[in-house]
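The terms used for a protein model rest on set criteria. Here some of them are put to the test, one question at a time.

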Amino acid sequence: MLKEIRIHGRGGQGGVTAAELLAKAAFKEGKWVQAFPFFGAERRGAPVKAFARISDEPILVRTQVYNPDYVMVLDASLLGVVDVSEGLKSDGTIIINTRKKPEEIGIKNYRITTVDATGIALELQLLVAGMPVLNTPMLGAFAKTTEEIKLNSVVEAIKEAWPGAAGEKNAKAAALAYERLIER
Amino acid sequence: MSDSLKGDNSMTFLKERDNIKEKTKTDAEFLPIPIITKPATTLQNKTGGWRSFKPILNEDKCTGCLTCWVLCPDSSIKRVKLDKRFKVAINYDYCKGCGICATECPVNAISMEREGS
Amino acid sequence: MGEKHVVSGNIAAAYGAKLCRPSVVSAYPITPQTTIVEKIADFVNNGEMDCEYIRVESEHSALSACFGAEAAGVRTFTATSSQGLALMHEILYGCSGARLPINMAIVNRTLAAPINIMAEWNDAMPERDSGWLIQWCESGQEVLDTIIMNYRVGEDKQVLLPQFCCMDAFILSHTYEPVDIPLQKEVDDFLPPLELEYILDVNKPICIHPLCDDRYTPEFRWGQEKAMQNARQTILKVGEEFYEKFGRRYGNGLLEEYKMDGAEVALVTMGANVSTARIVVDEMRKRKIAVGLIKVKSFRPFPIAELRETAKKVSVIGVLERCASFGMGGPLYTDLRSAIYGLKSQPLAIGFVAGLGGRDINKNTVERCYEVMLETAKTGKVPSNFVQNGELYYNHIDARKE
């Protein structure tokens, strides 16, 4: 079983780190993993893609991800700019950080889940350089949506990445997003 | 591997590449050379769409000190000349919502509000 | 007809450049090319040459200045050697990728370490992948002629590639010999003014050498390869025209065979080595020994088709070069082996490396190469103990051991 994930974000929002943490969380559950970015323009705010692969067997393929099983969108403003559903498998899922509900998203024919990760970050005052941290709550959303990884693995991976109070807060954000995820 | 590279799933860049190959016709008649012949402009790129937070100006509090105008990294604050002093206006087409103006305003005349969906 | 003068290879290069009317010459000195740019400075100073002469602060800048000027649509020229060429390395790729037909004279000098000003080809060889046209010369006359022909070939609309004109340090650059210097009018007839389709112009802004990614770059690279393939034909055509106009030719422009009829073995080489080898071949032929010589003039594009044709004629082919690719043999040797791979009558190929650091490649050196090749032809096996104090050594990748 090989699952491929594509993450859409803007430079500086932690999309690349999200892929890494996702991989680390899956690794804790005994999976083989890969995580890598793809940059367009190298600057904050520019659309960025990150990819992850999770598999029960060693992953030998080293190409770009063409047909993801799951797509995560860290910034809803990308929806008008990038075709986030491109290449997505017909039974794939899109997980979006937005205040809107899934049925309000203008993408048809795919399973969509949503969570207000920005709101969660602001609620917990989970900010870096004044900007809300989006990647950790979205990982909680990923765990609930896909059930490919457990929330606990996500929490452990987060706490290892940021020991101490920062890790606790980020883990809380992931748990809140897990709880508040909205299905169609 | 079942879904990979099926016709209906081909990635944008493969399509675009074929497009360029068609346009540039890589044969002796036309040699593709990396030159951009039509210049673009950053005015076309309305970065206002990037905002998560929007600066809102309280005109009554504003003293026209122009600190925000000087510091805006995107030239998204305009000076508006009144009789003997200036006021400012924010250009929301390009403002990225970085919040420097709000942070630096000496009289807290700018507040950042959540924006976007 | 031109006028014969006794000049050095460097002066001949300067005359070649002068006759081609470049608008910009950028100059930075390095032994042993300095007299090229110094002579051009003289030409400019006494009004014989009407160009912008830019004294830059390094070779990196020298080539960058040519890049900028050529991008603005004017013909340019510069010259360098050794460390200077190495310093230009990143700009070399810029010029070929941006398809600017800059003309550069290279006086092949040893790359440090050790510091050494004498002849070696290891300065130009690392640039063989750069996408520049690379031509090697065996005489001052050929240097002058090649600079003129390089402009014609490089500026051709189906080519648009920058060019090297290579000559051995001191052996050609500082050796005075009679050289026919064509008249300005003759060269004007042969080489029309430069006309590039897209140039930097403040009234019609474009972007040259832009940021790009995987969506477009492979097609641009294919353009470079196609241009190199087109250059093959263009070099042949220009060589013909040059012969008609000036009465001189260098093989077919890519390669020349010398006394290959009935040859049992042949030596392939470039540059000044060829001149010396001609004498050896003559002498050996007088002694009824059937040897031949192959001169590679165009190193890039490599004369693959010509070499495949001519290699069929012999049972053993040797390559003599003044450079090495440590761990694999000489670059000319490996390129030749690649070129003749799979020939039904593929000869045994031996790679001789000599003259590194400027040690003289003389008649003895060349004779020794032929001796080894002739013995190989007789016995079918390359003689094994073949290193002469490092001065001359050989490589032979024997594919037939199984």
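The questions below ask what stands behind each term.

Q: What confidence does the predictor attach to chain C and to the complex?
A: This is a predicted model. The mean pLDDT of chain C is 94, on a scale from 0 to 100. Of the residues in chain C, 98% reach 70 or more. For the complex, the predictor gives an ipTM of 0.76 and a pTM of 0.84.

Q: Why is Tyr198(C) called partly exposed?
A: A residue is buried with 20 or more other C-beta atoms within 10 Å of its own, and exposed with 12 or fewer. Tyr198(C) has 16 C-beta neighbours inside 10 Å, so it falls in between and counts as partly exposed.

Q: Where is Tyr198(C) placed, and what does it touch?
A: Tyr198(C) sits in the loop between α7 (184–190) and β9 (207–208) of chain C. Leaving aside residues up to four places away in sequence, Tyr198(C) touches Ile35(B), Thr37(B) and Ile206(C).

Q: How do you know which two chains share the most contacts?
A: A contact needs C-beta atoms within 7 Å. Two pairs of chains are in contact, and of these chains B and C share the most contacts. No contact joins chain A and chain C, and their closest C-alpha atoms lie 8 Å apart.

Q: What makes up chain B?
A: Chain B has three helices and five strands. From the N terminus on, they follow the order α-β-β-α-β-β-α-β. Of the 117 residues in chain B, 21% are buried. Among contacts in chain B with a separation of 6 or more, 63% join residues 24 or more positions apart.

Q: How is chain C divided, and what joins its domains?
A: Chain C is divided into domain 1 (3–246) and domain 2 (255–395). Their centres, taken over C-alpha atoms, are separated by 28 Å. In the contact between them, 27 residues of domain 1 of chain C meet 20 residues of domain 2 of chain C. On the side of domain 1 that touches domain 2, the elements giving two or more residues are β6 (133–136), β7 (163–168) and α8 (217–246) of chain C. The largest share of that side, five residues, comes from α8(C). The residues of that side divide into 16 nonpolar, six polar and five charged.

Q: Why is β4 (residues 76–80) of chain C described as largely enclosed?
A: Five of the five residues of β4(C) are buried, so the strand is largely enclosed by the rest of the structure. In a regular strand the side chains alternate between the two faces of the sheet. Both faces of β4(C) are covered, with Thr76(C), Thr78(C) and Thr80(C) buried on one side and Phe77(C) and Ala79(C) buried on the other.

Q: What makes β4(C) a paired strand?
A: Pairing takes at least two bridges. Two bridges join β4(C) to β2 (residues 24–27) of chain C in parallel, with Val25(C) as the bridge partner of Phe77(C). Four bridges pair β4(C) with β5 (residues 103–108) of chain C, also in the parallel sense, and there the bridge partner of Ala79(C) is Ala105(C).

Q: Why are β2 (32–39) and β6 (111–115) of chain A said to stand at the edges?
A: The open sheet of chain A has six strands in the order β2-β3-β1-β4-β5-β6, with mixed pairing. β2(A) and β6(A) each have a single partner strand, so one side of each is left without a neighbour in the sheet. The twist averages 15 degrees from one strand to the next.

Q: How do you know that β3 (residues 47–55) of chain A pairs with β2(A) and with β1(A)?
A: Two strands need at least two bridges to pair. Eight bridges join β2(A) to β3(A), which run antiparallel; Ala35(A) stands opposite Ala52(A), and Gln34(A) stands opposite Arg53(A). Nine bridges join β1(A) to β3(A), again antiparallel, with Val48(A) as the bridge partner of Gly9(A).

Q: What makes β3(A) mostly covered?
A: Seven of the nine residues of β3(A) are buried.

Terms used. Residues are numbered from 1 along each chain as its sequence is written. Chains are lettered from A and ligands numbered from 1 in the order in which they are written. This is a predicted model: local features need pLDDT of at least 70, side-chain atom pairs count only at pLDDT 80 or more; totals for chains, interfaces and linings use all residues. Domain bounds come from an automatic or database domain assignment. Ala, Val, Leu, Ile, Met, Phe, Trp, Tyr, Cys and Pro count as nonpolar, Asp, Glu, Lys and Arg as charged, and the others, Gly among them, as polar. Axes are lines fitted to C-alpha atoms, for helices over the stretch in contact, and angles run from 0 to 180 degrees between N-to-C directions.
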